[in-house]
Each structure stands twice: as C-alpha cells, then as structure tokens.
Amino acid sequence: LLNHYRTLIHLRNEHEALRVGEWLLVEANSGRLYTFVRYTDNETILIIINLNRNGVTADDYSLELAEGPLTGAVTAVSLLGNPVQGDPEVNGSGGFTSYVPLAEIPAQSVHVIQLSSQ
C-alpha cells in the first residue's frame with residue numbers, strides 16, 4: 001500500500017494536469033467505473049477507477065466525453081495500470097465517443113492514461 005501511494009504521489013508531482021488541472025467527468029456506460037479527465041493547456045490525463053469487486057472487460061464498457069480539451073490525433077499512453085489497447089478518436093468538440101482504452105479493468109484498480117496530441 002505504501003508503494004502504491006508513493007507511485008501516485010510521484011505521478012502527481014510529474015504531471016501538471018494532476019496537480020492543478022481542470023476536471024471533466026467522462027461518462028462510462030458501466031456502473032462499476034468512475035472516470036474523469038484532468039487537463040491543462042499542456043497535457044490531458046484520463047483516470048479510470050473500478051472500486052467494484054468485479055472486473056470489467058472491453059465488451060462491458062465504453063467511455064464518452066461529449067466536449068473536451070483534445071485536438072487532432074491523440075495517442076494514449078498508460079502511466080499506471082494495464083497497457084492501453086487503442087487511441088481515442090477525437091470528435092469535433094474535443095472529446096471522444098465509444099472509447100475502450102483497456103481490454104480489462106481489474107476489480108479495485110486505478111488506471112492513469114496520458115492523452116497526447118500528435
């Protein structure tokens with residue numbers, strides 16, 4: 001547990017969006033997930049939290065951000081948690097629809113994904 005907190009503190013210290021970024025709720029079509037984006041002018045980070053005691057597979061969820069800070073093509077890189085399986089397609093409003101970043105989201109897990117414009 002101590003190492004997990006150290007990792008989270010290290011991430012916060014390294015990423016401006018986690019320290020001072022704005023917050024936007026990301027809609028998940030699974031009641032097991034709590035998802036949001038933290039962003040600044042310099043970076044955007046997607047947080048996925050599964051506090052449920054059951055995991056979620058790619059067939060069981062998708063994420064939607066109607067409007068957001070994203071522009072152009074975006075690359076998703078996992079900073080904490082499972083490897084990312086794909087990049088979101090950015091819509092005209094800077095968000096995304098039907099995004100499934102992870103093949104599996106284990107029970108009681110946290111995933112931090114950096115969304116970088118190319």
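Let me start with Gly21, which sits in the loop between α2 (16-20) and β1; helices here are DSSP runs of H or I with at least four residues, strands are E runs of at least two, and both are numbered from the N terminus. This is a predicted model, where local features need pLDDT of at least 70, side-chain atom pairs count only at pLDDT 80 or more, and totals for chains, interfaces and linings use all residues. Residues are numbered from 1 along each chain as its sequence is written, and side-chain values use heavy atoms, with hydrogens and water left out.

Gly21 has a relative accessible area of 12%, so it is buried. Buried means under 20%, exposed over 50%, and partly exposed in between, with a 1.4 Å probe and protein chains only. What does Gly21 contact, leaving aside neighbours within four places in sequence? Glu16, Arg38, Tyr39 and Thr40, where contact means heavy atoms within 4.5 Å. The C-alpha atoms of Gly21 and Tyr39 are 4.7 Å apart, although 18 residues separate the two along the chain.

Next, the aromatic residues. The whole structure has 3 aromatic pairs. Rings of Phe, Tyr and Trp, the last by its six-membered ring, pair if their centres lie within 6.5 Å; planes under 30 degrees apart are stacked, over 60 edge-to-face, and the rest tilted. Trp23 and Phe36 have ring centres 6.2 Å apart and planes at 35°, so this pair is tilted. Trp23 is in strand β1 (residues 22-28) and Phe36 in strand β2 (residues 33-39), so the pair ties together parts 13 residues apart in sequence. Phe36 is buried at 13% relative accessible area, while Trp23, at 45%, is partly exposed. Together with Tyr34, Trp23 and Phe36 make one aromatic cluster.

For Phe96 and Tyr99, the ring centres are 5.4 Å apart and the planes at 70°, so that pair is edge-to-face. Phe96 and Tyr99 are both buried.

Now backbone angles. Ser98, in strand β7 (residues 96-99), has a positive phi near 50° without being glycine. Ser98 is exposed, at 58% relative accessibility. Gln108 also is a non-glycine residue with positive phi, near 50°. Gln108 belongs to the loop between β8 (104-105) and β9 (109-117), and its relative accessible area of 61% makes it exposed.

Leu1 lies in the segment before α1 (2-14). Is Leu1 buried or exposed? Exposed, at 75% relative accessibility.
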